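Student: I have a new structure open. Please show me how to read its features, one at a time.

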2 protein chains.
Amino acid sequence: MTKRATLADVAAAAGVSRALVSIVMRGAPGASKVTRERVLAAAASLDYRPDTRARLLRSARSHLLGVVFDVDGPFHSELVEALYPAAAARGFDVTLSARGPRRDESEAARSLLDLGAEALLVLAPDSTPEALSALPVPVVSVLQPQSDPRLSSAATDDAAGIALAVEHLRGLGHRRIAHVDGGRAVGSEARRSAFARLAADDGAEPLVFPGGPSETDGMGAARTLLALQALSSPAELPTGVVVFNDDAALGFLHVLGTAGLDIPADLSVVGYDDSRLAALAHVSLTSVRQDPDALAAAAVDAAAAALDGRRAHTLVPPSLTVRSSTGRPTAGSRETRGRHPSGS
Amino acid sequence: MTKRATLADVAAAAGVSRALVSIVMRGAPGASKVTRERVLAAAASLDYRPDTRARLLRSARSHLLGVVFDVDGPFHSELVEALYPAAAARGFDVTLSARGPRRDESEAARSLLDLGAEALLVLAPDSTPEALSALPVPVVSVLQPQSDPRLSSAATDDAAGIALAVEHLRGLGHRRIAHVDGGRAVGSEARRSAFARLAADDGAEPLVFPGGPSETDGMGAARTLLALQALSSPAELPTGVVVFNDDAALGFLHVLGTAGLDIPADLSVVGYDDSRLAALAHVSLTSVRQDPDALAAAAVDAAAAALDGRRAHTLVPPSLTVRSSTGRPTAGSRETRGRHPSGS
DNA sequence: GCAATCTTCTAGATCGTTCTAGTCCGCTGT
DNA sequence: ACAGCGGACTAGAACGATCTAGAAGATTGC
C-alpha cells in the first residue's frame, strides 16, 4: 500500500516545477509541446492522479456537480447513470447524495456543499423554489420545470408526453379517453392541464379521475371507474386511459384485472416514465418514455450556464414505448361478457 | 451569496486561536468547558460548517466512506439509505458512486479514492477479490460474503434465508419443494448448496431448476416446470418453489399464471430480496427479507475494523415476509381442472 | 544595439483545515 | 523554594493542489 504520487513527485521526475505540472495536467496554456509530453509521460509512469480534495480546496471553480436523487425515484437511476458521461464530456465531476424517507433534501444538499460542489442538480425537488434559491450555489431543478427566475431547470415536456399518449390512443380508434391524475404529486398539475387542453381542442369534456403517484392511488381510481361503470351506459365510458405514472398504472391495472376486465380489449392503459416495472413481461405497459441522455446533457448545460450567471430552462421531448396494454377498442366487448365477470 | 464562515472567523469571534476552535469542533480533549461553550456559541451564530475538503486534505483519517452501488440493484437503495445513519453514528461521512452498464466498478471506485475516501464499501462487487484487494484502501464486500483474508465482508446469511423459506413451506404442509437457482449470479451458489443440504437432511433428492437473476430466467424455469408437468405424475411434482430472487420469481409467476395455474392453490412461490416488486398488490410475493439496518451497521463496523488492521466477516440473519403467493397445498387441485386450462 | 514583447517556466503565497511542538500558568510534593 | 507535571491554549508548518507575480531566454521592432 504505497502512497499515491503527488504533483511534487511528478515535477521531480520530469525535472520541472510543480506549477508547470499543474499547468500541463489542467491542459492550461503556458507550456511548450516537448515539456508537456515529458510531464505527461512522467505522470503516466508514476500513475499520478490529481487529488480532488486539494484541487477543490484551492481553485475557485471546483468543477464538481452535486446530484441529489431519490434512492428509488422512478427514472432517477437511469438519469444518474446518464449524468456521469454528460458531466465528463463538459469537464465536470459528479458526486451523489441520496434523499429518502430518513434523509431529507436539505441534508443531502448540505453534505454536497461541504464536499465543495459548485452547483447542485436536484432531481424532482420537493423543497420550495425559495429554499432552493437560498442555497449558496446555483441549483438546477431536474425533471421538474421551474418558472422561478433564480433557478434553472431541465425537464421533460409533459404537455408533449401527454399529447403522445392521447394521440396514440386516438390513432388506435379510441374516442373517449380519460386521465387518472397524480393528485398533489410533482408534475401532476402540468400533466392534468395538458390533458384538459387536448380534450378541449377535441371539443370534449375532459374526463379526469383523481389519483396520485402510488400504486394504491391507481387502485383507488380503478375502483371509482368500476363504480361508474355499474351506473352509466357503456357509450359514455372511456375506452382508453392515460395514468399519471407507471406505479399508479400498475395498481389501476391490478384492480381492473381482478375485476375481470380484459386489457387492452376492454380498456387501453398508458403509463408514464417507462420504468423497469412497465417493461416486465407480467405488466407490459405502454408508457411515455423520458430521454435520459438528453435530460442529463440539458441539466449539465444548465449548471454550466448558471455558473456563468445565465439561467436556462430546457424542455426535452419525450417518446412513447408501445407495449401490450394498448390496442384497438373492441366495441361492446364488455356487454357480451357481463358487467362484473367473476374471473378466478 | 456571502462567503461561508471559516475556522479563522469563528476564532476571531470567540477570541481564541484557530487550533482551539478545531479542537472544539472535533470534540477532541484539550479545551476547558467554558471556552468550549463560548466557541460553540460563536460557531452557531456564524452558521459555521467545517469544510470537508480541507479537513480531508489535512487529516490522515478522512472519516469518509466511499460506497459503490448499482443504480438499480435489488435492495441497494434500501441499503444505501440505511448506510447514512449507520455511518453517522460511528463518526463517518458517506459519499456515493454509481456503477451501471456504462460505468464499471473500477471507475466508480477510482472517483471515490480521488475524493479521499479512506475505505470502500462495494455493494455486490463484480470484480475479483484480487482486484478489490489491490486497491490502496480497505474494501468491504457488502451483500456478498468473502473468504479472502485481505477483504472484509458484511452479508446476509443466505443459508438461513433459504432455510426460512423452506421451513415456511414445510410448515404449511408442503412436502415436495423445488428451487429455481440463480445461474452464475452473485450468491447463487450459496443459496443452491444451502437448499441441497436442507433437502438432504430431509432424505430427499434436491429438485433444482436452472434459472438466473432476471425475469426472463424465471420465465424459462417456469416453462421447464410446465413441460415436466405434462410428463410426470402429479405426486412427483413440487407444490412449493423457492426462487433465487424476486425478479426471477416474477417471471416465474407470470408464465405459470398465464398457463392457468392458481397461485398459491396449485403452487406456492417464495422470492428473495423483498424488493419493491414483491410488495406490489399485483404481485404480493412472499419473500426473504434482508435487514438493511443490520447490514449497514455491520458494513460500517467492518470498515472501521479494517482501518485498524482487522478483517471482519459478518453474516446477518434474514427474516421472512409472508404475502399471498404461499399457502397450504390443495391436494389434487390441478387434476380436477385439467392440466392446461385455458384461462383468459 | 537596445528596448519591448512573447513564450516558457518558477518561487512563493494561498485555500481551510489538522497536527506538532511548544509556551504559559497554577498546582503538588519533597 | 524549585523541579516536575498536567491542563489550557497558541504559533506555525503541513496537506496537495492552484494562482499570482515575476524571471529568464528567445524573438521582434525601430
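**Where the chains meet**

Tutor: Start with the interface. Chain A and chain B bury about 4,500 Å² between them, and 56% of that lies on carbon and sulfur atoms. Buried area is the accessible area (1.4 Å probe) that two parts lose on being put together, summed over both. Arg53(A), Glu81(A) and His282(A) supply 16% of the area that chain A buries against chain B, more than any other three residues.

Student: What should I know about the model before going on?

Tutor: This is a predicted model: local features need pLDDT of at least 70, side-chain atom pairs count only at pLDDT 80 or more, and totals for chains, interfaces and linings use all residues. Residues are numbered from 1 along each chain as its sequence is written, chains are lettered from A and ligands numbered from 1 in the order in which they are written, and side-chain values use heavy atoms, with hydrogens and water left out.

Student: How many residues does each chain bring to the contact?

Tutor: Contact means heavy atoms within 4.5 Å. Chain A brings 45 residues and chain B brings 46 residues.

Student: How many salt bridges and polar contacts are there between chain A and chain B?

Tutor: A salt bridge is a side-chain nitrogen of Lys or Arg within 4 Å of a carboxyl oxygen of Asp or Glu. There are 8 salt bridges between chain A and chain B. One of them joins Arg49(B) to Asp114(A), with the closest N and O atoms 2.6 Å apart. A polar contact is a pair of N or O atoms within 3.5 Å; within protein, one must be able to donate a hydrogen and the other to accept it, and residues adjacent in sequence count only if both atoms are side-chain atoms. Between chain A and chain B, 24 residue pairs are in polar contact, both at pLDDT 80 or more.

Student: Which element gives the largest share of the side of chain A that touches chain B?

Tutor: Helices (H or I, at least four residues) and strands (E, at least two) are DSSP runs, numbered from the N terminus. The largest share, 6 residues, comes from α5(A). The residues on this side of chain A divide into 23 nonpolar, 8 polar and 14 charged. Here Ala, Val, Leu, Ile, Met, Phe, Trp, Tyr, Cys and Pro count as nonpolar, Asp, Glu, Lys and Arg as charged, and the others, Gly among them, as polar.

**Inside a chain**

Student: In what order do the strands of the chain B sheet run?

Tutor: Two strands pair if DSSP finds at least two bridges between them. In chain B, 6 strands form an open sheet in the order β7-β6-β8-β9-β10-β12, with mixed pairing.

Student: Why is one side of β7 and of β12 of chain B left without a neighbour in the sheet?

Tutor: Both stand at the edges, each with a single partner strand, so one side of each has no neighbour in the sheet. β10 and β12 of chain B pair in the antiparallel sense over 3 bridges. Arg289(B) has Ser319(B) as its bridge partner in β12(B).

Student: What lies across this sheet's strands?

Tutor: Axes are lines fitted to C-alpha atoms, for helices over the stretch in contact, and angles run from 0 to 180 degrees between N-to-C directions. Helix α9 of chain B lies across β6, β7 and β9 of chain B, at about 165 degrees to β6(B).

Student: And chain A?

Tutor: Strands β6 and β8 of chain A pair in the parallel sense over 4 bridges. Val180(A) stands opposite Val243(A) in β8(A).
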